[in-house]
Amino acid sequence: MPAMMGQVAVERLLECPKTMTNGPCGGVATNGTCEVDTSHLCVWWEALAHADNSAARMPMPPADWSVRGRWSEAFVTDGPLQAAANTLDKDQRPMRAGSRFEQLLRDGRFALTCEINPPDSADPLATLDRVRPLIGVIDAVHISDNSLASPHMCGLALAALIEHIGMETILHMTCRDRNRNMLQADVLGAAALGIKHVLCITGDHPAIGDHPQTKPVFDLDSVSLINTVRHLRDEGSLLSGRSLDAAPNLMIGGGAEPTAPPLDFRPYRLAKKVAAGVDFAVTQLVYDMDQLEKYMHQVRELGFDRTIHILVSVGALSGPGMARGMNNSTPGVTVPDDIIRRMESAPQGKRRDEGVKICIEQIQQLLEMPGISGVDIMDLDPGRYAELVEAAGLTNRPFAAKS
Ligand code: SF4
């Protein structure tokens, strides 16, 4: 008799194309279909629709793929690694990274980050030239990891180069292209190169990238990667138990999905990440501020505003077509009808300005929203970040540059 979660056999969860072991990824469509195969419902969606099982809220350790089915047994029988409720409040935690970004968050200052996509190039100079003007304007830059499941310059290499010119980085690490051996090796390498913050995410499936023939890895998922990095840092050993001569000093980040279905489960998925060891979380791109308010209400009820720092990703729309496209093709992101109408009614030639205006309004709301520690500004053109920061009145950052 297979173990059951609601009406769904736990074994069926192994059919998830990303072998997610800690709940649904952020790509579930609003009708519950899978981001990889839209002809099927997400298996986690099906499971959670019937679940009242507290096991769904437990953070699972890295799966043992050497014994097929071992993970599904663990899903039912293993206890939580560490109850999220028992984690220390963020102001009581020891300094992890000793970075300016960490100090800013601990001081309760509103943090400003932005996204930099590594180039399709072996030459980093143009990207470094785009980052230099952001020093003193933005507190840290996110370096994506083969974004949209397509290869670009190695994020770790670019992050090290950007740290070298005086900008702090938040290195994204996805589980899609590397197994636990390589992920642990890269975490140690990142720390050795001076990177102080890693954001642990599962990553998009290769089916949505420009190399759909790729064999995906997904040995770990985001929660078990968070736990793995925490283990390296706090236990000073690899997952095998082999001791490190020096542990990495890092802040650990994770993703959050306030507007991705199933909405009611999303705060509990964050709970798993808190229990697994995140210090901060960064949301997917948010346009639906009403849903974000509801999510944050639940997050505050669970006490996570006290235990971790939460940054919200925002971005300026360029027109109604982009807004509708986000709804149709960006997993986990919803643009409400009133925003689409605003973009439609803006005069041609002024639509980008309207998108910036909406983005600024969102940042102003976030400045007032309890439990929000900062924003992550996303735009395809890094040249626009300074414009958005200035328009939002968030210039004069506390740390201008590395001394
Ligand atoms: S939507 Fe994500 S979690 Fe759900 S089955 Fe597909 S890949 Fe797995």
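Two strands pair if DSSP finds at least two bridges between them. I note this first, along with how helices (H or I, at least four residues) and strands (E, at least two) are taken as DSSP runs and numbered from the N terminus.

**Entry 1: ground rules.** I am looking at a predicted model, where local features need pLDDT of at least 70, side-chain atom pairs count only at pLDDT 80 or more, and totals for chains, interfaces and linings use all residues. Residues are numbered from 1 along each chain as its sequence is written.

**Entry 2: the whole chain.** I found 14 helices and 10 strands in the protein chain. I then looked up burial: a residue is buried if 20 or more other C-beta atoms lie within 10 Å of its own, exposed if 12 or fewer, and partly exposed in between, with C-beta atoms placed from the backbone. By that count, 47% of the 403 residues are buried. For contacts, the C-beta atoms of two residues, placed from the backbone, must lie within 7 Å. Among contacts in the chain with a separation of 6 or more, 78% join residues 24 or more positions apart.

**Entry 3: the barrel.** Which strands make up the closed barrel? I traced eight of them, in the order β3-β4-β5-β6-β7-β8-β9-β10, with parallel pairing. Neighbouring strands of this sheet are turned by 25 degrees against each other on average, direction ignored. For angles like this, axes are lines fitted to C-alpha atoms, for helices over the stretch in contact, and angles run from 0 to 180 degrees between N-to-C directions.

**Entry 4: strand β3.** I started with β3 (residues 111-116), where six of six residues are buried. Ala-111, Thr-113 and Glu-115 sit on one side, and Leu-112, Cys-114 and Ile-116 on the other. β3 runs parallel to β4 (residues 140-143), and four bridges join the two. Here Glu-115 has His-142 of β4 as its bridge partner. β3 also pairs in the parallel sense with β10 (residues 374-377), again over four bridges. On that side I saw Thr-113 opposite Asp-376.

Entry 5: I moved on to β6 (residues 197-201), which is largely enclosed by the rest of the structure because five of its five residues are buried. His-197, Leu-199 and Ile-201 lie on one of its faces, Val-198 and Cys-200 on the other. β5 (residues 169-174) pairs with β6 in the parallel sense over four bridges, and Thr-174 stands opposite Ile-201.

**Entry 6: helix α8.** How many residues of α8 are buried? I counted 10 of 11 in this helix (residues 266-276). Arg-266, Leu-270 and Lys-273 are among them. The cover includes α7 (222-235), β7 (251-256), β8 (280-285), α9 (289-302) and α10 (304-307). Just after α8, Gly-277 takes a positive phi of about 130 degrees.

**Entry 7: a helix pair.** α11 (residues 320-329) and α12 (residues 337-345) pack at about 155 degrees, with their axes 8 Å apart. I looked up the wording: angles under 35 degrees count as roughly parallel, over 145 as roughly antiparallel, 65 to 115 as roughly perpendicular and the rest as oblique. The two helices are therefore roughly antiparallel to each other. Pro-320, Ala-323 and Arg-324 in α11 meet Ile-339, Ile-340, Met-343 and Glu-344 in α12. By class, this contact has five nonpolar, no polar and two charged residues. For these classes, Ala, Val, Leu, Ile, Met, Phe, Trp, Tyr, Cys and Pro count as nonpolar, Asp, Glu, Lys and Arg as charged, and the others, Gly among them, as polar.

**Entry 8: the ligand.** I found 14 residues around the ligand, the closest being Cys-16, Pro-24, Cys-25, Cys-34 and Cys-42. A residue is near a molecule if its C-beta atom, placed from the backbone, lies within 6 Å of it. The shell divides into 11 nonpolar, one polar and two charged residues.

Entry 9: Most residues other than glycine have a negative phi, and most peptide bonds are trans. Thr-19 has a positive phi, near 40 degrees. Leu-148 has one too, about 55 degrees, and lies in the loop between β4 and α5 (155-164). Leu-148 counts as exposed, with 12 C-beta neighbours inside 10 Å. Last, I noted that the peptide bond from Pro-261 to Pro-262 is cis, with omega near -10 degrees.
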